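Good morning, and thank you for coming. Please look at the sequence and the structure on the screen while I speak.

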Amino acid sequence: MTLEYLQNYWWLLVSVLGSALVFLLFVQGGQTMLLGTRSDEDRSLIINAMGRKWELTFTTLVVFGGAFFASFPLFYSTSFGGAYWLWMLILLSFVIQAVSYEYRRKPGNVLGTGTYDLFLFINGCVGCILLGVAVSMFFFGADFTVVKSNVLDSASPVISQWGPTHGFEAIFNWKNLILGVAVLFLARTQACLYMINCLGSDPKFTASLRQRALINGGIFVVFVLWFLAMLLTAVGYTAVSNAYGELEVTLTPYKYFHNYVNLWWAGLALLIGVVAVLYGIGRTVFDKGFRSGIWYSGIGTALVVMSLFWVAGYGDTAYYPSLADPASSLTIRNSSSSEFTLKVMSFVSILVPFVLAYIAYAWYSMDRKKLTPKELETDHHY
Amino acid sequence: MNDLMTVVDWSRWQFALTAIYHWLFVPLTLGLGVIVAIMESIYFKTQSQRWLQITKFWMLLFGINFAIGVATGIILEFEFGTNWSNYSWFVGDIFGAPLAIEGLLAFFMEATFIAVMFFGWKKVSPGFHLASTWLTAIGATLSAFWILVANAWMQYPVGMEFDPAQMRNVMDNFWAVAFSPVALNKFFHAVLSGWCLSGVFVVAVSCWFMFKKRNREMALDSIKIGGWVGAAGILLTFATGHSSAVDVARTQPMKLAAMEGLYRGEVGQELVAVGVLNPDKKPGDSQDVYKAKIALPYGLSILANNDPNTFVPGIDDLIEGIELTPQGDTVRTVSYAERIEIGKAAHAALRDYDAARAAHDDQAMKDAEKRIREYYPYFGYGYLDSVEEAVPPVGMTFYSFHIMVIFGGWLLCFFALVLLAAYWKPRWYDSQWLPILAFLTVPIVWVCSEAGWITAEVGRQPWIIQDIMPNKAAISAISASSVITTFWLFAIVFTIFLIAEMSIMWRQIVKGSKMKIS
């Protein structure tokens, strides 16, 4: 296993975790649907459907962060330390989520059920939009420099320097927000599909979910097409390190379009993914007996997200372009861990299928019997 | 104070705040998870409805605590990136691995099976449910293992070498990182202290049932399990505490000196059991160290080296580079002034390397690299302006260490009493004094547990990586106002959630005391 092979492998794993995270954001999407759901029983069903999966999304976020840290520490150092407010707001929204399910209906919860539901709503909106913003920066860049020799300057030792607004500029960049909004409406659509799959509730609620899937799915399609149009026409950085570790960068028009063509498997994944998402949403909306839309849409989402990571990182592309100093941009070559660490981590990653297997088994065991309002009266619930 | 130091200090405050809050909940998760699993195992074997009710009651309290533990934990991992970004690059190659493994192998296990544990009673078989409860407890413990491996590595950096081309450290021995003696001692010490804390919690809540004359049998059953888990926890915490002290003496002698307020060491060094420090005492001056003390002869030599006739260096000895043999002969070690010089030479060599690399001068790069390797063990001292900077806050380290040990001693007595009463004198629980003693022990065990971490973390200052990188070189280039704002945000949010958690717990305990047990 060469270093280059290991870097490619770990970028692939990061893309798998990122795609799993975006799929699992249906939990956040479901939380945003509390607004606009008037019936207490329907609200309770939404909360309890999402509440049995929230920890999986939360954990995937943590593992995504941990895997990125272990495999591409220069990204962790540059992005988290630089876009401070972007990440802090994401984290804060997950902090308030973590207690809300468990505490919302417990007596003595101090803040009242409405406040905890508001926390869930905030996490749903902020989590989806800002994670979309964070991923969009992989294409549209950020205002930073990396000078490793700064570590020897006692007065100002930080190697990654960022603009003065520390992430707010990324949040208020309309290009980034378009992907953020697309992720939000994708998550809401998938929440509808997931609930149609796991709830054994009344036809009226299911019908309303199908209707909401249509509206949210429509908005998602508009925004994601907008984002893809921008992406495919964007100028990207072709970046190659020389023998002395210096990055030589060329600005390449239509970089990501070329990447999709040259990395044909990424283009294929994008196409299959888009079709699968549209099929999952479309058939759920128009075929009243169809409940498996979440799996088509989920797998499609995963393929689309993975393809985005692939065109961002593979093909000598800078996956974190620096607008202030192109030579400071991050590539999977110049930001990765050492060959030794990547190799150790690769051995650990052999256990991933085992982890996925027990998650799938537990998911199957828990969702085999559909969740009903009756169950909420008798068993442990949120 | 300049802006750099303001950012460093507030980043430290923020990390301390989040870590202290997190550790309020984690030990209870670690111990209560095991206790609940034991209770469910009894239910599984006996099929007694009473044990099912007991299990579900404690499981409910576990869930309330778990949620806030998760909420406070997520910040800690990401703070290494947000607030300590230089650190994340400088040693991310080593430090990132245990965090990733924790998430992959432990956190997923916890998150997957906790859902089965709470919602699966009627959805999965009893055997699968019991397995899920144990796997939740094991997942929490494995999670603690990898986090403590990461923490131990900061205190005892092994299994790595410096790569001047990338200006960072890279791992060269994973097993040395994962199974260093410091990591193993830290793991057992921290996890078993969680068992002890949870034992106190279970006994105290059960004592409240006794105090109110409600569900006596359930309370007594819970006390027995909590008592045994707690007693095992405190005994093994003491054992691993001793081996941790041996590690500290070997790897962080300055921390050990601060823990004891020791400025001038001796062969056959006494151990100060209780003492009041002179707050005006500074390194190098001739003032008395203590206002008052009670000491055990030879105690520190035995604690640190398992041998009463060994020398334990004090703060001034370490700064000056002096050790004594048992015969009283002076041995020279590397003084702190020399360490600073060597550290600065390492920085200069790295600068030369960087310049040679920019000029593509391979020979000059090789020459510089040789010097870097020679001086690297003291690289971090190159950032220090004076030897005093390398001395941790003695007062806080000394008092937190002594609080931990004294309170730990009380916990040993407490569990002896709890088990004695549970098996031979159950009527003691019907009187008021034993329940009241249990209530008073609740704050004691939490303070004891936090004091342990304060000793470990304050005592290693100023290092984020022992001898290699001080805090002030590890930070992010963010404004002080940003860190101050997030500090207060977290302080407010966590405090509100803590109040909510305690209030919910209290209501559930009251409800549990009134439930009808089969």
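This is a predicted model: local features need pLDDT of at least 70, side-chain atom pairs count only at pLDDT 80 or more; totals for chains, interfaces and linings use all residues.

I begin with a single side chain: B:Gln14 and B:Asn83 are joined through their side chains by a polar contact of 3.4 Å. A polar contact is a pair of N or O atoms within 3.5 Å; within protein, one must be able to donate a hydrogen and the other to accept it, and residues adjacent in sequence count only if both atoms are side-chain atoms.

Residues are numbered from 1 along each chain as its sequence is written, chains are lettered from A and ligands numbered from 1 in the order in which they are written, and side-chain values use heavy atoms, with hydrogens and water left out.

Where is B:Gln14 placed? This residue belongs to helix α1 of chain B, residues 3-46; helices (H or I, at least four residues) and strands (E, at least two) are DSSP runs, numbered from the N terminus. B:Gln14 counts as buried because its relative accessibility is 0%. Here buried means under 20% relative accessible area, exposed over 50%, and partly exposed in between, with a 1.4 Å probe and protein chains only. Leaving aside residues up to four places away in sequence, B:Gln14 touches residues of chain A, A:Tyr84 and A:Met88, as well as residues of chain B, including B:Glu79, B:Val483 and B:Phe487. Contact means heavy atoms within 4.5 Å. B:Ala491 lies 477 residues from B:Gln14 in sequence, yet their C-alpha atoms are 8.6 Å apart.

I turn now to the two chains together. In this interface, 83 residues of chain A are in contact with 95 residues of chain B. The size of an interface is often given as the accessible area lost when the parts come together. Chains A and B bury about 7,800 Å² between them, with 73% of it on carbon and sulfur atoms; buried area is the accessible area (1.4 Å probe) that two parts lose on being put together, summed over both. How many salt bridges are counted between chain A and chain B? The count is zero, a salt bridge being a side-chain nitrogen of Lys or Arg within 4 Å of a carboxyl oxygen of Asp or Glu. The rule does find 20 residue pairs in polar contact across this interface, both residues at pLDDT 80 or more. Several elements of chain A supply at least two residues each to the side that touches chain B, among them α4 (54-71), α7 (113-140) and β2 (160-162). Of these, α4(A) gives the most, with 14 residues.

Finally, consider a hairpin in chain B. Strand β1 (residues 160-163) pairs with β2(B) in the antiparallel sense over four bridges; two strands pair if DSSP finds at least two bridges between them. One bridge joins B:Met160 to B:Met171 in β2(B). Four residues stand between the strands of this hairpin, where B:Met167 takes a positive phi near 55 degrees. Are the faces of strand β2 of chain B covered or open? Both are covered: B:Arg168 and B:Val170 on one side, and B:Asn169 and B:Met171 on the other, are all buried.
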